Amino acid sequence: MKFGIIKERKNPPDRRVVFSPNELVKLKQLYNDAVVEVESSDIRIFSDTQYQSMGITVTEDVSDCDVLFGVKEVPIENLIPNKAYFFFSHTIKEQPYNRKLLQAILEKNIELYDHETIVDAENRRLIGFGKYAGMVGVYNGIRAFGIKFELFKLPKAETLAGKDAMIMHLKRITMPALKFVITGTGKVGSGAKEILDAIKIKEITVDNYLTKKYAQAVYVQLDVLEYNKRTDGQILDFKDFVSHPEEYVSDFEKFTKVTDIYFAGHFHANGAPMILTKEMLNAGDCRLKVVADISCDVKGPIACTLRASTIAEPIYGYFPLEDREVDVFHPAAVVVMAVDNLPCEIPKDASEGFGEQFMEHVIPAFFNDDKDGILQRAKMTQNGKLTERFSYLQDYVDGK
C-alpha cells in the first residue's frame, strides 16, 4: 500500500496537512507494508526538509501512489484519475460551488473519501479539526472584546506558534469579570473549554451563572437541551430533540441577559430552531457584546452572523435594531467573529492532532480488511458512480 501526501493547491493557501513528519514515521513503524511519499510544498507548516530528515521521501510526483491524502478540495485540473483520495470535498450537503468537483471525481473514476464522512457505526464523526476551531474561536472572541472596548491588545492567532502561545498571551492580560457561555459539547466545545480551563476561567453551574454575580471571569458550557425547550413544556431527552426538532424553540434568551461573550460551538441540524434570534439581540436587557460564531453557519441559528469573516479581517459589527452590518466601534454594535477556517490559524497543532486521529481511526482499516466498516461507510464514489450511502447526491450531480 503506497500512501501519498498531496500539496494543498486551493486559494487562499492552507498550511495544514493530514500527517506531521512524526506521525508518518509512526505509520511506517506500525505497518511495514506501508510506503509513504510527500509531495513537495513551499507552504506546508512542516517543510520538505523536516520530512526528509525523518527519512520520508519528498517528491514532485505522487502519481504512483494508491491513496492520496489532502485537507482542502483538490482543483479539478490536479485530480489524478483512478486513485483513492481523502480530503474535505464540501459536497455532502450539495454545496452548489463544488458540483463540478464531484462530477469530475466521478468522470475520473476516483474513489472519494470525505473526511466528514469518516464515522463510526453510530454515525459519529471520528476525525476533524473542530477542537482547534474551538481553541482559536475562544482566543479570537476574547481578542475581539479587547479591540471593541480598547481594554487590551492581543496579537492575531495566526502570528503565534500555536495553542501554548495563545494561552500565554491570554494569561498576560487583565481579564475583566466577564461571563462566557459555550453552546456545544462536541469537539468544538471541548476545544473552547480547554482554552478557558487553561487560563483559569472558573466553570460554574447553569443556575449560578444565571443568578449570581462574580468578581472574576466565569463560564458555563451548555448541552443542546439546556438552550432549547419543547413547545409543550415536556422535558424529554436528546433523542427526542433529534427526532422532533420542530417541537422545540430556543431557550437561550435567559443567557443573553447575563452573558458578555458567546462562543457558538454547537452542531445545528436541519429543522432545529434558531438559537440566538434578532428579537433576543434587540431586547433592552440583552448584554451580549461579542458573539464568536465558531460553527459559522451563515443565515443559520445565530441571527447576527450575516457573513463569514476572514483571518485577515476577523470581526465586524452587527446593529440589531436595523439587522445590518456596521463598524465594530458603532456604540450599539455587537461584535461578530465568524471566521470559517479557524484551524488554519494554528496549523501545526491542528495538523498534529488531525494526524493522531487519522492514525487511530482510519489507517488500521487499510490493514485489517476494514473490519469495522470505516472505509466502507466513508466511501462516496466507486467505479465512476456514487455509492449507495451517498446516492442521495445523484440529482445534485445531475444538476437537477
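Two strands are said to pair if DSSP finds at least two bridges between them, and strands themselves are DSSP runs of E with at least two residues, while helices are runs of H or I with at least four residues, all numbered from the N terminus. The structure described here is a predicted model, in which local features need pLDDT of at least 70 and side-chain atom pairs count only at pLDDT 80 or more, whereas totals for chains, interfaces and linings use all residues. Residues are numbered from 1 along each chain as its sequence is written, and side-chain values use heavy atoms, with hydrogens and water left out.

We may begin with the sheet. Strands of a sheet pair through backbone hydrogen bonds, either parallel or antiparallel. Here 8 strands form an open sheet in the order 8-9-7-12-13-16-14-15, and the pairing is mixed. Its edge strands are strand 8 (202–203) and strand 15 (324–326), each of which pairs on one side only. Strand 7 (residues 179–183) runs parallel to strand 12 and is joined to it by 4 bridges, and among the residues involved, Ile 182 has Phe 263 of strand 12 as its bridge partner. Strand 12 is also joined by 4 bridges to strand 13, again in parallel, with Tyr 262 having Val 291 of strand 13 as its bridge partner. Strand 13 in turn pairs with strand 16 (residues 334–337) in the parallel sense over 3 bridges, and there Val 290 stands opposite Val 335.

Strand 12 (residues 261–264) is covered on both faces, since Ile 261 and Phe 263 on one side and Tyr 262 and Ala 264 on the other are all buried; buried means under 20% relative accessible area, exposed means over 50%, and partly exposed lies in between, with a 1.4 Å probe and protein chains only.

The next topic is the nonpolar cores. In soluble globular proteins, nonpolar side chains tend to be buried together. A nonpolar core is a set of buried Ala, Val, Leu, Ile, Met, Phe, Trp, Tyr and Cys residues joined through side-chain atoms within 4.5 Å. The largest such core has 80 residues, and those with the most contacts inside it are Phe 69, Ile 142 and Phe 358. Helix 4 (residues 130–149) gives the most to this core, with 9 residues. Apart from it lies another core, of 32 residues, among them Val 218, Ala 264, Cys 304 and Val 336.

Glu 8 deserves a separate look, and it is placed in the loop between strand 1 (2–5) and helix 1 (21–30). Glu 8 is buried yet has no salt bridge, the nearest side chain of opposite charge being Arg 44, 6.7 Å away; a salt bridge would need a side-chain nitrogen of Lys or Arg within 4 Å of a carboxyl oxygen of Asp or Glu. The side chain of Glu 8 does, however, reach the backbone nitrogen of Val 71 at 2.6 Å, and a polar atom of that side chain lies 3.0 Å from the backbone nitrogen of Lys 72.

Finally, some backbone details stand out. Most residues other than glycine have a negative phi, and most peptide bonds are trans. The peptide bond from Asn 11 to Pro 12 is cis, with omega near 0°, and Pro 12 lies in the loop between strand 1 and helix 1. Asn 123 has a positive phi, near 70°, and is located in the loop between strand 6 (111–114) and helix 4. Lys 299 has a positive phi near 55°, and Lys 299 counts as exposed because its relative accessibility is 79%.

Key
Lys, Arg positive; Asp, Glu negative; His and termini not counted. Polar contact = N/O pair within 3.5 Å; in protein donor to acceptor, adjacent residues only side chain to side chain.
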